[in-house]
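The sequence and structure come first.

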Amino acid sequence: MDMDLFSNHEASSPVGKLLADRMRPQTLDEYLGQESIVGQGKLLRRAIEADQVSSILLYGPPGTGKTTLAHIISNHTKGDFVRLNAVDATVKDVREVIEQAKQTKAMYGRKTILFLDEVHRFNSSRQDALLPAVEQGVIVFIGATTENPFHHVNGALLSRSTLFELQPLTHEHGLAAMRRAISDRERGLGFLPLAAEEAALEHIARMAGGDIRRALNALELAAVTTGADADGTIRITLEVAEESIRRPTVKADESTQYDVLSAFHKSVRGSSDAALYWFLHAVENLGMDPMVFLRRLIVACSEDIGLANPQAMVQAVTAMDAYHKIGWPEAKYNIAQAILFAVESPKSNSTAMAIARVMTSFERAKSPEVPLHLRDAHYKGAAQLGHVGYKYPHNYPGHYVAQQYLPDSIRDEIFFEADGQGMEEKMKQNQQLRRREGLK
C-alpha cells in the first residue's frame with residue numbers, strides 16, 4: 001500500500017530528487033494547463049483557494065496534472081490529506097482511513113481529504129466501502145483516473161462527486177516547464193551554467209508530447225551528461241536533445257481503444273483520410289490488433305454500405321484473408337485498400353434498418369405461424385393437410401408473383417426499403433414496380 005500523509009510544510013531540499021519532482025508546482029499559479037478548470041475565477045480554483053473542495057473526480061490521460069493538482073490541494077488545506085494508491089490499497093486500508101477521519105473530526109473538528117490515485121483499479125466492493133463515509137461527510141474524496149469513469153467508477157460514487165476532465169497538455173506547456181526549470185536556481189537547474197538551444201528544447205517538447213515529467217527528465221539527463229565547454233558553459237544542442245529523449249512507446253488503455261475504434265468506424269462513413277489515420281495510428285502507435293479493425297470494417301460494409309456496393313464486403317473479407325496469410329506489416333496495403341474502397345463507396349443503411357424493423361416486429365407476432373402454402377410439402381399427405389397453393393415465381397413473368405410470404409399477423413409489413421444509393425437504385429425501381437402491381 002502506498003499511503004502517506006502530505007505535510008503542509010514539506011521539506012524543499014532537492015537532494016536525491018529528480019528535476020520533475022523538485023519542479024512539481026506548489027501553487028495554482030505555478031500549475032500549467034487546465035485553464036478551463038483552475039483558471040482565474042473558475043469553480044475548482046475558488047474551492048481550492050478557500051479550502052472548500054468537495055468530493056471530485058479528476059479524469060484525463062497520463063501527464064495531465066491530476067496528481068499535481070491533488071498535491072496543490074494538500075498544500076492549501078488545513079485538514080489532513082491522505083493518499084492511497086488503488087493498485088495496492090485494500091478495503092481494510094480504506095476503512096482505517098475512514099476510522100481515523102472520524103476520530104480526527106470528533107476530537108479536533110478537522111476534515112480529512114482522501115486522494116485515491118488510479119481509482120479505476122479499485123473493484124466495485126472497494127469503491128462501495130467509500131460510499132457511506134462520502135455520503136456522511138466523514139471524508140472528502142478525490143479520485144484520479146486515466147480510464148473513462150463512466151465505465152470504471154461506481155455510479156453511486158460518481159454521482160456524489162463532481163467530475164473534472166483534464167485535457168492533454170501541449171508541447172508549449174512542456175517548453176514553459178523547461179524554461180522555468182532552467183531559470184530556477186533553488187529547485188531547478190539555474191545553478192548550472194546552462195545554454196540550451198531553442199531547437200533542442202523544441203525537440204524535447206515535441207517528443208514528450210505534453211508530458212511535462214518526461215520533458216523535464218530528458219532536460220535533466222541532457223544537462224548532467226553533457227560536459228562543459230572551455231568557458232565552462234554546458235551547451236544543450238539539438239544533437240544532445242535527440243540523444244536524451246526517444247519517441248515513446250504508447251500502449252492504449254481500454255477506454256482509448258474503444259474511442260479509437262469508434263472514431264475509425266465513424267470515419268468509414270465519411271472520411272478516407274481519417275479512417276486510414278485512425279487505423280494506422282491504432283496499430284503502429286498504440287499496438288492494437290489489426291484484426292479488431294478488420295472485423296469492424298466487415299460489419300461496416302453491411303451496416304453502412306450494404307447493397308449500395310456489395311463489393312465492399314468482398315474487399316474487406318479478402319483483406320482479412322490476406323492478413324492471415326501474409327501478416328503485418330505487409331498486409332497493411334491490403335487492409336488500407338479495403339478501407340479506402342469502403343469509404344469511397346456509396347452508402348446505405350437499408351440492411352441495418354431492415355434488421356431493426358424485423359426485430360421490432362417480434363412483439364407484434366409473438367407466435368408466428370408459417371402460411372400453409374409455404375410449409376414443407378415434400379411428404380405424402382401434405383396436400384391433405386392443406387399445404388398447397390405455393391406459386392413458383394420462376395413460372396411467372398419477371399420471375400416474380402404476388403403471394404403472401406409473411407405470417408398473418410404482419411402480412412402487410414415492409415422491412416426492407418432500398419434507398420436508391422449505388423446498386424440499390426435498381427432494387428428500388430423493382431420494389432416500386434412490384435408495389436404498383438400489388439406485389440410484395
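## Salt bridge between Glu198 and Arg179

Glu198 and Arg179 are joined through their side chains by a salt bridge, with an N to O distance of 2.3 Å. The two residues belong to distant parts of the chain, 19 residues apart: Glu198 is in helix α11 (residues 198-208) and Arg179 is in helix α10 (residues 171-183). The model is a predicted one, and the distance of 2.3 Å is computed from its atoms.

Glu198 has a relative accessibility of 42% and therefore counts as partly exposed. Arg179 is also partly exposed, its relative accessible area being 39%.

## Other salt bridges

Side chains of opposite charge can pair when their charged atoms come close. Over the whole structure, the search finds 20 salt bridges. One of them is formed by Arg45 and Asp29, whose closest N and O atoms are 2.8 Å apart. Arg45 is in helix α3 (residues 43-49) and Asp29 is in the loop between α1 (19-22) and α2 (35-38), so this pair ties together parts 16 residues apart in sequence. Are the two partners buried or exposed? Arg45 is buried, at 6% relative accessibility, whereas Asp29 is exposed, with a relative accessible area of 61%. A network of salt bridges links Asp29 and Arg45 with Glu49.

Another salt bridge brings together the side chains of Lys111 and Asp51, at 3.0 Å from N to O. This pair links distant parts of the chain, 60 residues apart: Lys111 lies in the loop between α5 (91-108) and β4, and Asp51 lies in the loop between α3 and β2 (56-59). Lys111 is partly exposed, with 25% relative accessible area. Asp51 has 14% relative accessibility, which is under the 20% cut-off, so Asp51 counts as buried.

## Strand β3

Strand β3 covers residues 80-85, and six of its six residues are buried, so the strand is largely enclosed by the rest of the structure. In a regular strand the side chains alternate between the two faces of the sheet. Both faces of β3 are covered. Asp80, Val82 and Leu84 are buried on one side, and Phe81, Arg83 and Asn85 are buried on the other.

Strand β3 runs parallel to strand β4 (residues 112-117), and six bridges join the two. Which residue of β4 is the bridge partner of Val82? The partner is Leu114.

## Aromatic pairs

A pair of aromatic rings is described by the distance of the centres and the angle of the planes. The count of aromatic pairs is five. Among them is the edge-to-face pair of Phe264 and Phe293, with 5.2 Å between centres and 85 degrees between the planes. Phe264 and Phe293 are both buried.

Tyr277 and Trp278 also form an edge-to-face pair, at 5.1 Å centre to centre and with 75 degrees between the planes. Tyr277 is partly exposed at 48% relative accessibility, and Trp278 is partly exposed with a relative accessible area of 28%. Separately, ring pairs join Phe264, Phe279, Phe293 and Trp328 into a cluster.

## Ser345 and its contacts

Ser345 is located in the loop between α18 (332-343) and α19. At 6% relative accessibility, Ser345 counts as buried. Which residues does Ser345 touch, not counting those up to four places away in sequence? They are Ile305, Asn309 and Ala312. The C-alpha atom of Ser345 is 9.8 Å from that of Gly306, a residue 39 positions apart along the chain.

## Nonpolar surface patch

Ile355, Met359 and Phe362 make up a nonpolar patch on the surface, and their accessible area together is about 320 Å². Met359 is part of helix α19 (residues 350-361). The relative accessibility of Met359 is 52%, which is over the 50% cut-off, so Met359 counts as exposed.

Note on methods: Residues are numbered from 1 along each chain as its sequence is written. This is a predicted model: local features need pLDDT of at least 70, side-chain atom pairs count only at pLDDT 80 or more; totals for chains, interfaces and linings use all residues. Side-chain values use heavy atoms; hydrogens and water are left out. Rings of Phe, Tyr and Trp (its six-membered ring) pair if their centres lie within 6.5 Å; planes under 30 degrees apart count as stacked, over 60 as edge-to-face and the rest as tilted. Buried means under 20% relative accessible area, exposed over 50%, partly exposed in between (1.4 Å probe, protein chains only). Patches are made of residues with over 30% relative accessible area and no salt bridge: like charges are joined within 9 Å, nonpolar side chains (Val, Leu, Ile, Met, Phe, Trp, Tyr) within 5 Å. Accessible areas come from the Shrake-Rupley method with a 1.4 Å probe; for residues, only the protein chains shown count as cover. A salt bridge is a side-chain nitrogen of Lys or Arg within 4 Å of a carboxyl oxygen of Asp or Glu. Helices (H or I, at least four residues) and strands (E, at least two) are DSSP runs, numbered from the N terminus. Contact means heavy atoms within 4.5 Å. Two strands pair if DSSP finds at least two bridges between them.
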